[in-house]
Amino acid sequence: MKKLYFVMALLIVASMILAACGAPATEAPAAGATEAPVAAATEAPVAEVTLDDCVKEEVFCVGLVTDVGKVNDKSFNQSAWEGVQQSQVDGAADLVQFIETADAKDYAKNIATFGDAGFDVVVTVGFGLGEATLAAGVTYPDVKFIGVDQFQAWQFTEDTADDSANVTGLNFPEDQAGFLVGALAAMMSESHVIGAVCGTDVVPPVWRYGEGYKAGALYADGMNSTTTEVQVVYHSDVGFDKTFTDPEWGAQTAKAMMDNGADAVFGCGGLTGNGAITAAAQAGKYAIGVDADQYLTLPEAAPQMLSSAMKLIVPGVAELVAQAKDGSIAAGNYTGSAGYAPYHDLEGAVSDEVKAAMEEINAGLLDASITPGVAPAKP
Amino acid sequence: MDWKRFGFIALIITILIGTVVYVGQTRQTPLLIITSMLATTIAVATPLTLGALSGVYCERAGVVNIGIEGMMLTAAFFGWLGGIYMFQIYGLSAGISITLGVFFAIITGGLMALLHAALSITFKVDQIIGGTVINILAVGLTGFLNRQLFFGKGSVFGGTVPSSPGVLPTIHVPITELFAPLCGTSAVCLENVQAINRVFDQKPIAIAAILLVFISHYILFNTRWGLRTRAVGEHPRAADTVGINVIKMRYANVVIGGMFAGLAGAYFTIESVPSFEPLLTNGRGFISLAAMIFGNWTPIGAWAAALVFGASQALLINMQIFRDVIPPQLSFLQESYIVGLTPYILTMIILTGIIGRTTPPAADGVAYEK
């Protein structure tokens, strides 16, 4: 029996060590600091800024907490992290550091790690971190919080009790981004059936993408007097922890849509969407990415990648960090801008008329002569 | 054969598909809907079927295996990684790399199962705890290696995920070619034949899963090996008395089961999408266990149960595709948490014994001591 206990103990310890190592960044930054961020810091003009310097007034440190997922998720976390890195290149931040969240339960803990280390700005990525970010705003009143994709509803309520002076939500007109690619898909579709595979519609930005996509297709129909059937499927049947990380479901859903005649598929929703994009590309249909220019990030789908609905996260985050540095940042909501990615390999497949129409729609959205008319959240 | 149970399952699947046909009739022909639903059902059911077969082999031999999820996840990772290694480092062709990837996945599943077998058979650890160890180990191991190999400083692939050799191709069954001449000039007829063809055009692992169901059924119930497997799972002492090596039989079946879980893992990263993401199996190993119980520890039953899970998933997807044409009285079906519960509620109904009794192997989960 002794031998048995020994083996068991060894295995359990081994698996726990591995489990811990699997998400090394959720540990204290002292341990994670040997990773890339310090390498980045040494490139900064200020010589050898270390984490210990963050408590100092003159050293401006920016921390980023990802949503459940990796900082190189080819999508959302990655763009935000690039924005933070951009702010370092621009000279706003002296030291940048990220923590990858392995489990939704760790949101508060990960934010607190930066708060305790004396960081000046903490960027939290994703709707899911909204509550934890607001709570941290109270605990660390001297820290500026930038919540990417976190709509600050308190700004619009009568009750001032939960108003926050140091939390800024960076939001994007996803409906406009979805509108752009929806119009593009409708104009490019030969079967006049297009689809979108999205994460849960409980998350307002996802809802705005999906509904904006529909509105865009409808607008294009109006321009070209066509009738396009738009199939938008949300992965609302699972929890927040799974809705964005289910590529297999995304691929199956995209296949079902293509069975129903769709020849352009928009994947909006992290890894789930990536699965749909990859499946569409494999089937030789048009694939449309989300958040970032996914032509660059999804090599498997690149040849069929028509465009991507872009949230211009990188400039948005960099701008807010710069504002935080010079003190002009305002609590509440900051709206960044939306766009669509280049056609890349399909440049030749997109006719000049469609290109011109897309530029016209983009200009119309920018000067507000076109409005998608999408409710901010699912009613 | 448990006809009552199969009748019940067939009824449920018919209801699920029939609902979509009813809802979507204004937009799509019934045949197109049915074939599309069936194609989705079979594909979604593939990892569940293989996972459930994994459970059937283990538990029929008397070893509870809740580590299927972990075995799938580890196999998904190593199958994918093996494919990339062969493709990028050894420069093999994409086709060979993918095939080797599938074998790596199967071997990985077998090795994880060997660990489970060692824990639960040799060391007589509580089998639930042994399975839990496998699951925790899988999450840690794949997360850690995924990070170290691809994203860490000085990692093999220099901080980026290299492009994988791709996914397994769809095997085309030439139904269209065979029957198209019968259609003559009728375009509708040709469209229908193509729609039917779609159900049969599946990928290799999906096809293998269905074949393995029937092969497993034959092995378990018509061969000496199967009889011995069931004997050590029902009454190991009696089996031992007549000269069957209980330990050896249990080891062999657990490892075979692990290889099935490994093939299920290969489905995720080699057949469905060519990428690995941490935790991508998303609890399907546990759903497989439910399917196994639902199917009363038989291969065909487990497959039928997996199809119910697949069909309810297909219903969820199609309900949203036809969102605009759903009649108001059926709008509740769009609430995915209601429909998503169907298979779980059915599993509970099955467990109550209303539709035939569900009996696990008698010595399931009990370590054998001489």
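1. Both faces of strand β5 of chain A are covered, with Val167(A), Gly169(A) and Asn171(A) buried on one side and Thr168(A) and Leu170(A) buried on the other. Please keep in mind that this is a predicted model. Since five of the five residues of β5(A), which runs over residues 167–171, are buried, the strand is largely enclosed by the rest of the structure.

2. Which strands pair with β5(A)? Strand β4 of chain A (residues 144–148) pairs with β5(A) in the parallel sense over four bridges, and Phe145(A) is the residue that stands opposite Val167(A). Strand β11 of chain A (residues 332–335) also pairs with β5(A) in the parallel sense, over four bridges, and here Tyr334(A) is the bridge partner of Leu170(A).

3. On the domain level, chain A is divided into domain 1, covering 29–171, and domain 2, made up of 174–310 + 348–366. The centres of these two domains of chain A, taken over C-alpha atoms, are separated by 30 Å. Contact between them involves 13 residues of domain 1 and 13 residues of domain 2. On the side of domain 1 that touches domain 2, the largest share, three residues, is contributed by helix α4 of chain A (residues 76–89), and the residues of that side divide into five nonpolar, five polar and three charged.

4. Helix α8 of chain A (residues 204–224) has 21 residues and reaches 30 Å from its first C-alpha to its last, which is close to the 30 Å expected at 1.5 Å a residue. The helix is mostly covered, with 15 of its 21 residues buried. Directly after α8(A) comes Ser225(A), whose phi is positive, near 40°.

5. Two further residues deserve a look at their backbone angles. His192(A) is not a glycine, yet it has a positive phi of about 60°; it lies in the loop of chain A between α7 (174–188) and β6 (193–198). Trp297(B), likewise not a glycine, has a positive phi of about 60°, and its place is in the loop of chain B between α12 (284–294) and α13 (299–321).

6. Are these two residues buried or exposed? His192(A) counts as partly exposed because it has 16 C-beta neighbours inside 10 Å, whereas Trp297(B), with 22 such neighbours inside 10 Å, counts as buried; the cut-off for buried is 20 or more.

7. Turning to chain B as a whole, there are 15 helices and zero strands. The C-alpha trace of chain B spans about 70 × 60 × 40 Å along its principal axes, and its radius of gyration of 22 Å agrees with the value near 21 Å that a compact globule of 370 residues would have. Of the 370 residues of chain B, 53% count as buried, and among contacts with a separation of 6 or more, 77% are between residues 24 or more positions apart.

8. Ile68(B) counts as buried because it has 37 C-beta neighbours inside 10 Å. Leaving aside neighbours within four places in sequence, its contacts include Gly51(B), Ser54(B), Ala261(B), Gly285(B) and Leu289(B). The C-alpha atoms of Ile68(B) and Phe286(B) are separated by 7.2 Å, although the two residues are 218 residues apart along the chain.

Technical notes: Residues are numbered from 1 along each chain as its sequence is written. Chains are lettered from A and ligands numbered from 1 in the order in which they are written. This is a predicted model: local features need pLDDT of at least 70, side-chain atom pairs count only at pLDDT 80 or more; totals for chains, interfaces and linings use all residues. Helices (H or I, at least four residues) and strands (E, at least two) are DSSP runs, numbered from the N terminus. The radius of gyration is taken over C-alpha atoms; the globule rule is 2.2 Å times the number of residues to the power 0.38. A residue is buried if 20 or more other C-beta atoms lie within 10 Å of its own, exposed if 12 or fewer, and partly exposed in between; C-beta atoms are placed from the backbone. Two residues are in contact if their C-beta atoms, placed from the backbone, lie within 7 Å. Domain bounds come from an automatic or database domain assignment. Ala, Val, Leu, Ile, Met, Phe, Trp, Tyr, Cys and Pro count as nonpolar, Asp, Glu, Lys and Arg as charged, and the others, Gly among them, as polar. Two strands pair if DSSP finds at least two bridges between them. The expected span of a helix is 1.5 Å times one less than its number of residues.
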